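Visitor: I am new to this structure and would like to learn how to read some of its features. Where do we begin?

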Amino acid sequence: MATGYTPIYRVMKGGIDITGNFNDRTTQIKVELIAGGGEGDNCTITLDDRDWALATVDPGDQIGVYLGYKEVGLAYLGTFNLTDVVYKGKPRSVQLVGTSTKFGDLNKAPTTKEYIGKTVGEILSDIAGETGMVVAGATGLTDQQVETKNQITSNLHVINELERRYGAVAKVVDGKLLFVPRDSLTSASGEPVPTLVLKPEHFGDWQVRYMQRSAFSGVKAFWWDEHDKVRKWVQSSTAPIGQATGGEYPMGEWFKSAAEATAAANSKMEAFNRAQVEATFDLAKGDPWIRDTQTISVQGMRDRVNGSYVVQRAIHTYIKSTGIRSTLECRGPGNGTDFSDRADDLLLSPLPGEVMGTVLPEKWNFPDDL
């Protein structure tokens, strides 16, 4: 396929295409898709206000944003609530700033609650229900039993705590609270999600950085056995990546059950592994079909660059004068999975100059549960 794609975008409001209101004015659309960690996806649209003719826009409006190419189609990047409207100069411009729908509704003030004998899914559903959200969670995560959880912090803090404890990605997408395993190869509904294969011709600037390896051979977590009235401990089953010369890392928190302690120990070990390598890839051609949590297999490069990565932050920017740019901030998978070993039908391999949208099967194009 020819590489001379024509960049296009679409802005929707209340189910109505309002792109025509922007076409002569849009100088930039920037969308950041972020894999949880307490941050919501965000969008900034910059409009040319050279003649003071732009209509007044108020915070609170909700818009859907798409980026893509005329020859391929459009990639849906999310629905955003406008939180700020900024008037700037020079040059005269108006910026519309938004965050994931309903992310701003999460209670960020301290709240006192007590959860006893609840599952992760039940706790998340209680929190989400306060703002009219539903939970799209992966079985195996949301059915984890939490013996006791005393909440004296904000709802957002509790979500982040569960995210860290169970090695998950927790984020708000289109008004739903998503809770799925980090570095997962399946969606929340259990469907396989393909891995994108990238080769030298797909890259512009890039950088892969290796940090000092963790010296820990594992992680151990303690839990209180109420029946025996004694402290016990468990070891992480996740192995360290590379050679470890030290002992086990002891977690400071005590847990209420062996299952909780094991989940936390595995999550911590995976976090240690994930922290050893980070990569930033600027793509030769902007590819707005790539989202956060996308798994990537880099091939055809040198040793220590080839390998498996997971997108932690995907930044897609439409610039009127130059087109679409995509920057991917990645980490290595915490469980050490080699994504190149997947079945051929689960590896997407665009040709030079192509984008993921050209090889993405329809069933994976706009998955309901991402």
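Guide: Begin with what is called a helix: a DSSP run of H or I, at least four residues long, numbered from the N terminus. The model here is predicted. In it, H2 is followed by Gly167, whose phi is positive, near 60°.

Visitor: At what angle do H1 and H2 pack?

Guide: An angle over 145 degrees counts as roughly antiparallel. Helix H1, residues 120–129, and helix H2, residues 155–165, pack at about 155°, and their axes lie 11 Å apart. H1 is therefore roughly antiparallel to H2. The crossing of H1 past H2 is left-handed.

Visitor: Which residues of H1 and H2 make the contact?

Guide: From H1 come Val120, Ile123, Leu124 and Ile127, and from H2 come Asn155, Val158, Ile159 and Leu162. Sorted by class, the contact of H1 with H2 has 7 nonpolar residues, 1 polar residue and no charged ones.

Visitor: How many of the residues of H2 are buried?

Guide: A residue is buried when its relative accessible area is under 20%. In H2, 9 of the 11 residues are buried, so H2 is largely enclosed by the rest of the structure. Among the buried residues of H2 are Asn160, Glu161, Glu163 and Arg165.

Visitor: Why do Cys43 and Cys330 count as buried?

Guide: The cut-off for buried is under 20% relative accessible area. Cys43 counts as buried because its relative accessibility is 2%, and Cys330 is buried with a relative accessible area of 3%.

Visitor: What does the count of disulfides come to?

Guide: A disulfide needs a pair of cysteine sulfur atoms within 2.5 Å. By this rule, the count is 0 disulfides.

Note on methods. Residues are numbered from 1 along each chain as its sequence is written. This is a predicted model: local features need pLDDT of at least 70, side-chain atom pairs count only at pLDDT 80 or more; totals for chains, interfaces and linings use all residues. Side-chain values use heavy atoms; hydrogens and water are left out. Axes are lines fitted to C-alpha atoms, for helices over the stretch in contact, and angles run from 0 to 180 degrees between N-to-C directions. Helices (H or I, at least four residues) and strands (E, at least two) are DSSP runs, numbered from the N terminus. Angles under 35 degrees count as roughly parallel, over 145 as roughly antiparallel, 65 to 115 as roughly perpendicular and the rest as oblique. A crossing is left-handed if the near helix is turned anticlockwise from the far one by less than a right angle, and right-handed if clockwise. Contact means heavy atoms within 4.5 Å. Ala, Val, Leu, Ile, Met, Phe, Trp, Tyr, Cys and Pro count as nonpolar, Asp, Glu, Lys and Arg as charged, and the others, Gly among them, as polar. Buried means under 20% relative accessible area, exposed over 50%, partly exposed in between (1.4 Å probe, protein chains only).
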